[in-house]
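Me: I am new to this entry and would like to know what the labels used for it rest on. Please go through them one by one.

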Amino acid sequence: MDLHLKDIVELKKIHPCGSKQWEITRVGMDIKLKCLGCGHELMLPRSKVEKSIKKILPHTEGTEGGTLR
């Protein structure tokens, strides 16, 4: 699975805060995720993260910090 920094992933299970979306903040043998609902961070083995991903929303370079023209 092709995962990149700042990609937003939707996991199969809901976090206790109610959010399903996580931002990838570290990629390697372990993946570090940050919950977009409450800001909780966790690091899991890559194999476990890949099994629990439902959808990947890729990070787009031009849309950060403003509007596109």
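**Labels and their grounds**

Reply: Leaving aside its neighbours within four places in sequence, Ile24 touches Leu3, His4, Leu5, Lys6, Asp7, Val9, Ile31, Lys32 and Leu33. The model is a predicted one.

Me: What makes these residues contacts of Ile24?

Reply: A contact requires heavy atoms within 4.5 Å. Each of the listed residues, Leu3 and Leu33 among them, is in contact with Ile24, so each has heavy atoms within that cut-off.

Me: What is the order of the elements along the protein chain?

Reply: From the N terminus the order is β-β-β-β-α-β. That comes to 1 helix and 5 strands.

Me: Which residues make up the largest nonpolar core?

Reply: The core has 10 residues in all: Leu3, Val9, Leu11, Trp22, Ile24, Ile31, Leu33, Cys35, Val49 and Ile53. Strand 3 gives the most, with 3 residues.

Me: How much of the protein chain counts as buried?

Reply: The share is 22% of the 69 residues. The protein chain exposes about 4900 Å², of which carbon and sulfur atoms supply 53%.

Me: Where is His15, and why is it called buried?

Reply: His15 lies in the loop between strand 1 (8-11) and strand 2 (21-26). Its relative accessibility is 16%, and buried means under 20%, so His15 counts as buried. Apart from its neighbours within four places in sequence, His15 is in contact with Trp22, Cys35, Cys38 and His40.

Me: How many salt bridges does the whole structure have?

Reply: A search finds 3. Side chains of opposite charge can pair when their charged atoms come close.

Me: What makes Glu10 and Lys55 a salt bridge?

Reply: The closest N and O atoms of Glu10 and Lys55 are 4.0 Å apart. A salt bridge needs a side-chain nitrogen of Lys or Arg within 4 Å of a carboxyl oxygen of Asp or Glu, so the pair is counted as one. Glu10 is in strand 1 and Lys55 in strand 5 (residues 53-57), 45 residues apart, and the pair links distant parts of the chain.

Me: Are Glu10 and Lys55 buried or exposed, or in between?

Reply: Glu10 has 13% relative accessibility and therefore counts as buried. Lys55 has 40% and counts as partly exposed, because the value falls between the 20% and 50% limits.

Me: How do you know that Glu50 and Arg46 form a salt bridge?

Reply: Their closest N and O atoms are 3.1 Å apart, and the limit is 4 Å, so the pair qualifies. Both residues lie in helix 1 (residues 46-52), 4 residues apart, about one turn of the helix. Glu50 is partly exposed at 26%, and Arg46 is partly exposed at 22%.

Me: What is the N to O distance for Glu41 and Lys32?

Reply: It is 3.7 Å, and their side chains meet in a salt bridge.

Key. Residues are numbered from 1 along each chain as its sequence is written. This is a predicted model: local features need pLDDT of at least 70, side-chain atom pairs count only at pLDDT 80 or more; totals for chains, interfaces and linings use all residues. Side-chain values use heavy atoms; hydrogens and water are left out. Helices (H or I, at least four residues) and strands (E, at least two) are DSSP runs, numbered from the N terminus. Buried means under 20% relative accessible area, exposed over 50%, partly exposed in between (1.4 Å probe, protein chains only). Accessible areas come from the Shrake-Rupley method with a 1.4 Å probe; for residues, only the protein chains shown count as cover. A nonpolar core is a set of buried Ala, Val, Leu, Ile, Met, Phe, Trp, Tyr and Cys residues joined through side-chain atoms within 4.5 Å.
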